[in-house]
Amino acid sequence: MLFAIILLGVVLIVFATAVLKVHPFISLIVAAFFVGIAAGLPLVDVVRFVNEGFGGLMTSIGLVIVAGTIIGVILEKSGAAYRMAEVVLRVIGEKRPQLAMSVIGYIVSIPVFCDSGYVILSSLKKALAKRAQVAVASMAVALATGLFATHTLVPPTPGPIAAAGNIGASDYLGTIILVGLIIAIPAVLVGYIWAVKVGSKIHVEEDAEALDYDEIIASFGKMPSAFKSFLPLVVPIALIAMGSIATALGGEGGVTSFFQFLGSPTVALFLGVFAALPLLPAYDEKTLTGWVGEGLKEAAPILLITGAGGAFGTVIRNTGVADQLQAMDLSAFGTGALFLIVPFLIAAALKTAQGSSTTALVITSTLVAPLVVELGITGGVALALVVMAIGAGAMTVSHVNDSFFWVVTEFSGMKVTDAYKAMTMSTLLMGVTTIVVTMVAWMIFV
């Protein structure tokens, strides 16, 4: 019954937004109350969970979104985004702009949370789409899937690190990183193919703008240098990477704390804003107030919808759906590659039900840890493949209760139904591909 209620809540959101044309913010909040009340949660607790979910997500990525949109406006209005697009296409090749986006996402999300990475790279994605004359949605899917693959499979992202620790593989982090980087490649390729085949058929308002790229470039006059253009993106990515490394190495003291401070996404993104200031043509009211104000206006609806998605996910998490999955008897499952289906299915059920990949990774790894010991699974490669199986499930699937789904949807301008075709289906295919590749690797190397 609980799973039926959650499914009904998701259907309610899709129906309200796609058929009734209700704003996603209202749909998500109404669905959050519906699920909480229908699941039998105390009414006072339902209100508290909605508030906590909304506020909790604003705490983690609210300022990141604000800073990211300000950087995006500056990059776009100064011409820096178009300079970056030219450089990237020159390196990767003009015929495969989606592949360029996938590769960038694959690299960036190793140290950076996928939500933050998408916000940081959103302006580059838009500029590349215009430069290569491809659909914005196809670039959005390519970037999102590239980010999502390494986010769920490769440390030092918190989810894979927690999973490794829970199953007793902390001593094999190097092996897990290497295996994760390899296993993520087929997932990224599937996301890229889906972006080209399906994303290209989805049109957003931005695609309809009759813009001549050469006229856009000419309107900026003298274009900024490549160094100045990339700096607002490279600075936050590098800082977050250093913060992740400092956390992974552990230790206490001023140096570690300093790098963790600089590497927090909020600080890193705002330092990225300062790195974007040299791109301003003048330091006056038009730029320092007008451009920044435009960034704030763009951030507002994204903040509200993403926060509402957080409220919906928090209510679901507090219905006890995870406890029901934890009560499953897993002792009947066998050993070998077939065993990997168990953590995959549990993580996929958790991810689909409550939205958070990190939560799915943490809970699933806790559940299967006793089985790993009982079945005598040891060694770096074997344990790494168990983490990959959990990660495969944790990417299956991203939909309306996942904050990343709303970040991608809102920053790309896709409708909810189109986002289901593009984003949700791509993550399903990525998850299935990853578990198949992981099982094949098990049969060969373990």
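## Around S365

Beyond its neighbours within four places in sequence, S365 is in contact (heavy atoms within 4.5 Å) with A162, A163, N166, I167 and I390. This is a predicted model: local features need pLDDT of at least 70, side-chain atom pairs count only at pLDDT 80 or more, and totals for chains, interfaces and linings use all residues. Residues are numbered from 1 along each chain as its sequence is written, and side-chain values use heavy atoms, with hydrogens and water left out.

S365 sits in helix α17, residues 357–374. Helices are DSSP runs of H or I with at least four residues, numbered from the N terminus. The relative accessible area of S365 is 0%, so S365 is buried. Buried means under 20% relative accessible area, with a 1.4 Å probe and protein chains only.

The side chain of S365 makes a polar contact with the side chain of N166 at 2.9 Å. It also reaches the backbone oxygen of L361, at 2.8 Å. A polar contact is a pair of N or O atoms within 3.5 Å; within protein, one must be able to donate a hydrogen and the other to accept it, and residues adjacent in sequence count only if both atoms are side-chain atoms.

## The nonpolar core

The largest nonpolar core holds 143 residues. Such a core is a set of buried Ala, Val, Leu, Ile, Met, Phe, Trp, Tyr and Cys residues joined through side-chain atoms within 4.5 Å. Y118, L124, F312, V386 and F404 have the most contacts inside this core. Helix α3 (residues 43–78) supplies its largest share, 14 residues.

F404 touches C114, D115, Y118, A144, L147, F148 and M423, leaving out residues up to four places away in sequence.

## Aromatic pairs at F404

The whole structure has seven aromatic pairs. Rings of Phe, Tyr and Trp (its six-membered ring) pair if their centres lie within 6.5 Å; planes under 30 degrees apart count as stacked, over 60 as edge-to-face and the rest as tilted. Y118 and F404 are edge-to-face, because their ring centres are 6.3 Å apart and their planes stand at 85 degrees. Y118 is in helix α6 (residues 114–132) and F404 in helix α19 (residues 403–412), so this pair ties together parts 286 residues apart in sequence. Both residues are buried.

F148 and F404 are stacked, because their centres are 5.7 Å apart and their planes are at 25 degrees. F148 belongs to helix α7 (residues 136–153), so its pair with F404 in helix α19 joins parts 256 residues apart in sequence. F148 is buried, at 1% relative accessible area. Ring pairs link Y118, F148, F404 and F411 into a cluster.

Note on methods
Helix = DSSP H or I, 4+ residues; strand = E, 2+ residues; numbered from the N terminus. Buried < 20%, exposed > 50% of the residue type's maximum accessible area, 1.4 Å probe, protein only.
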